Amino acid sequence: MKRGNRLRTYRKAPVVLFFALFSFWVLFTGRVELSVLAIGIVLSMVVTRITWRTFFSSAHEIQHHVESPLHFRLREAVVFFPFYAWNIFKATAQVAFLALRPRIELMPGIIKVETGLKNKTTLVILANQITLTPGTLTVDTDITNHSLFVHSLNLSTLDACSAREEIRHLEERLRRLME
């Protein structure tokens with residue numbers, strides 16, 4: 001993508017974020033009264049103003065640093081989202097099974113996972129997806145070295161190597177989806 005096209009794309013990003021937030025506001029409130037819409041517009045503007053630099057940090061670095069751009073591939077999304085939903089379902093069942101046992105024997109632990117993701121946004125999305133999976137929590141990220149520190153509820157059933165392998169599998173699917 002040429003630099004001019006990329007700059008125009010990054011300038012549109014806050015507008016797209018605003019409309020996405022406002023759409024969620026309308027969807028979740030379910031009301032189309034003027035006062036409710038006005039509150040939604042104001043909140044969407046405030047949230048966009050505060051957070052768009054976080055989500056689209058490369059827009060500010062475009063003059064100095066060219067980070068590999070994100071590409072959202074629809075074909076990969078068709079595969080990725082059911083895969084991720086299935087993983088969440090499996091993890092939820094495992095945590096529920098652990099909680100329902102009469103005697104709970106857990107072996108919690110933190111593992112370091114080095115990733116090969118090139119884009120910081122993709123790394124943050126991976127960290128959030130790990131956190132959204134029941135039984136795991138990303139406790140820290142080392143963005144300069146592209147590493148994640150993940151807390152697992154029970155490493156006795158899923159050892160550190162297996163946990164790393166599952167995260168790498170998720171990382172690979174996320175890379176195909178976005179990088």
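Student: Which residues of H5 are buried?

Tutor: The buried residues of H5 are Thr 121, Thr 122, Leu 123, Leu 126, Ala 127, Gln 129 and Ile 130, where buried means under 20% relative accessible area, exposed over 50%, and partly exposed in between (1.4 Å probe, protein chains only). The model is a predicted one, with local features needing pLDDT of at least 70 and side-chain atom pairs counting only at pLDDT 80 or more, while totals for chains, interfaces and linings use all residues. Residues are numbered from 1 along each chain as its sequence is written, and side-chain values use heavy atoms, with hydrogens and water left out.

Student: What makes H5 a helix, and how does its reach compare with what is expected?

Tutor: A helix is a DSSP run of H or I with at least four residues, a strand is a run of E with at least two, and both are numbered from the N terminus.

Student: What makes the approach of Asn 119 to Thr 121 a polar contact?

Tutor: A polar contact is a pair of N or O atoms within 3.5 Å; within protein, one must be able to donate a hydrogen and the other to accept it, and residues adjacent in sequence count only if both atoms are side-chain atoms. At the start of H5, a side-chain oxygen of Asn 119 reaches to within 2.8 Å of the backbone nitrogen of Thr 121, so the pair falls inside the cut-off. Asn 119 has its place in the loop between E1 and H5, and because its relative accessibility is 3%, it counts as buried.

Student: Why is the pair of Phe 80 and Phe 81 called edge-to-face?

Tutor: The structure holds seven aromatic pairs, and in the pair of Phe 80 and Phe 81 the centres are 5.3 Å apart with 80 degrees between the planes. Rings of Phe, Tyr and Trp (its six-membered ring) pair if their centres lie within 6.5 Å, and planes under 30 degrees apart count as stacked, over 60 as edge-to-face and the rest as tilted, so this pair is edge-to-face. Phe 80 and Phe 83, by contrast in angle, are tilted, at 6.5 Å centre to centre and 50 degrees between the planes. These two residues are three apart in helix H4 (residues 74-100), which means that about one helical turn separates them. Ring pairs link Phe 80, Phe 81, Phe 83 and Tyr 84 into a cluster.

Student: How do you know which of these phenylalanines are buried and which are partly exposed?

Tutor: Phe 80 has 1% relative accessibility and so counts as buried, and Phe 83, at 15%, is buried as well, whereas Phe 81 has 42% and is therefore partly exposed. The charged end of Arg 173 sits over the ring of Phe 83, 4.3 Å from its centre; the term requires NZ of Lys or CZ of Arg within 6 Å of the ring centre and within 35 degrees of the ring normal.

Student: Which residues touch the most other members of the largest nonpolar core?

Tutor: Of its 20 residues, they are Phe 80, Ile 111, Leu 126, Ile 130, Leu 148, Val 150 and Leu 170, a nonpolar core being a set of buried Ala, Val, Leu, Ile, Met, Phe, Trp, Tyr and Cys residues joined through side-chain atoms within 4.5 Å. Two or more residues come from each of H4, strand E1 (109-114), H5, strand E3 (147-152) and helix H6 (160-178), and H6 gives the most, with six. Leaving out residues up to four places away in sequence, Leu 148 touches several others, including Ile 111, Leu 123, Leu 126 and Ile 130, where contact means heavy atoms within 4.5 Å.

Student: Where does Ile 143 lie, and what does it contact?

Tutor: Ile 143 is found in the loop between E2 and E3, and because its relative accessible area is 30%, it is partly exposed. Apart from neighbours within four places in sequence, Ile 143 is in contact with Lys 120 and Leu 123.
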